[in-house]
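Subject: Structure for you to look at

Hello,

Please find the structure below. My notes on its aromatic rings follow.

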Amino acid sequence: MRTPAAPIRPNRLSRLNGWLAALTIGTAIALIGGLALAMPEVALDASLKGLAVWWEVLFPALFPFFVLSELLLGFGIVHLTGRLLDPLMRPLFRIPGAGGFVVAMGFASGYPVGARLTSRLMESKLLNRGEGERLVAMTTSSDPIFLIGAVCIGFFGRADIVPVLIAAHYGGAMLLGMLLRWTGRGEQMTGADSSGSPAAGRRRPGGRIREAFAAMYEARQADGRTFATMLQDSLKSSLQLMIVVGGLVVFFSATLELLIHSGLLGGLRHLFTLALHAAGASPHLSDALVSGTFEVTLGSRGAAEAGAGAAAASGALPPLIDRVAAAAFVLSWGGLSVHAQVAGLMSRTSWRYGPFLRARLLHAGMAVLLVYLLWPLLYSAS
């Protein structure tokens, strides 16, 4: 009688997964390098376009927020807002009140500022792994200036779609945070006794405000740096982060163009076409979704211009609601370029990419659903 095969041990399984991941990444890098050697002009033009986007759009938009966030952390503002927002953040999202500061900054300044602040809070032991994963999943979003100015006004040329796109994108992020609160139910929350103790319920009026300012003062004393030193450190670390962000934008811009010109994305385009056909949407949106898989700006522009070439012949564009839904999907998915930026910023923590990937897909799906649900309430048939 044959004895059953011994199960694969966890360490052997993790080693096998590591080898597979290394082989996949190595093959992808070799492929991209080969394409760059075969099509150097395409790689150069795409890199220059990515560099222009970084210098003209991302650097002026993100650098001030990076510096400001570092200064606010040094002055203890996070600790102050953490005490004040704790009663709101814990019931809704199972995240300490310090996460409220990240939510506000992340929504105001866009990706990847939320990841940067989350990593700083995790390094400071203000968030555990589960709380950090939930927070960075919820705060990886577009900034309002890009969503309204670039996408709605610039790409679509329509200010009337601003309400539905804002509601779908940011409403989807808030719903995502509420859904993710049910994950990691067995974990011990960071600082759980700050608001859940019986004494907290008997706090005198104004006690929380006094505690918040006391926490800010203690954090400022613990930091100990002068303002000049803090400003220099903030500028230095923010410049380093912007160089990383710029490198990733240039890399993914070149990668996308190389893959498009090589025809290797035909299979992905076919999959999107089949999915759109099954959903009853226009197949002309497939190119926008392919571009949006890698980069947000290109995908959003593609959604606005979807079917423009075919419209010249047939006289009909895909319905506006479908194009707005595609833009909402791309903005909420974030693109692999943003995923790489988030992974780089979170690399020094215990953060995991798997839950983040699932959250991005969930956010994108909810944003599309919200567009179709809200459209009849806000607009007539278009």
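Trp55 and Phe59 both belong to helix α2 (residues 40-74) and are four residues apart, about one turn of the helix. Helices here are DSSP runs (H or I, at least four residues), numbered from the N terminus. This is a predicted model, in which local features need pLDDT of at least 70 and side-chain atom pairs count only at pLDDT 80 or more, while totals for chains, interfaces and linings use all residues. Residues are numbered from 1 along each chain as its sequence is written, and side-chain values use heavy atoms, with hydrogens and water left out.

There are 10 aromatic pairs in the structure. Rings of Phe, Tyr and Trp (its six-membered ring) pair if their centres lie within 6.5 Å; planes under 30 degrees apart are stacked, over 60 edge-to-face, and the rest tilted. The Trp54 and Phe59 rings have centres 5.5 Å apart and planes at 80°, so this pair is edge-to-face. For Trp55 and Phe59 the centres are 5.4 Å apart and the planes at 40°, so that pair is tilted. Trp54, Trp55, Phe59 and Phe63 form one aromatic cluster.

Trp54 and Phe59 are both buried, Phe59 with a relative accessible area of 18%. Trp55 is exposed, at 54%. Buried means under 20% relative accessible area, exposed over 50%, and partly exposed in between (1.4 Å probe, protein chains only).

Elsewhere, the charged end of Arg181 sits over the ring of Trp182, 4.7 Å from its centre. The charged end of Arg220 sits over the Phe75 ring, 5.0 Å from its centre. The rule is NZ of Lys or CZ of Arg within 6 Å of the ring centre and within 35 degrees of the ring normal.

Regards

How values were computed:
Helix = DSSP H or I, 4+ residues; strand = E, 2+ residues; numbered from the N terminus.
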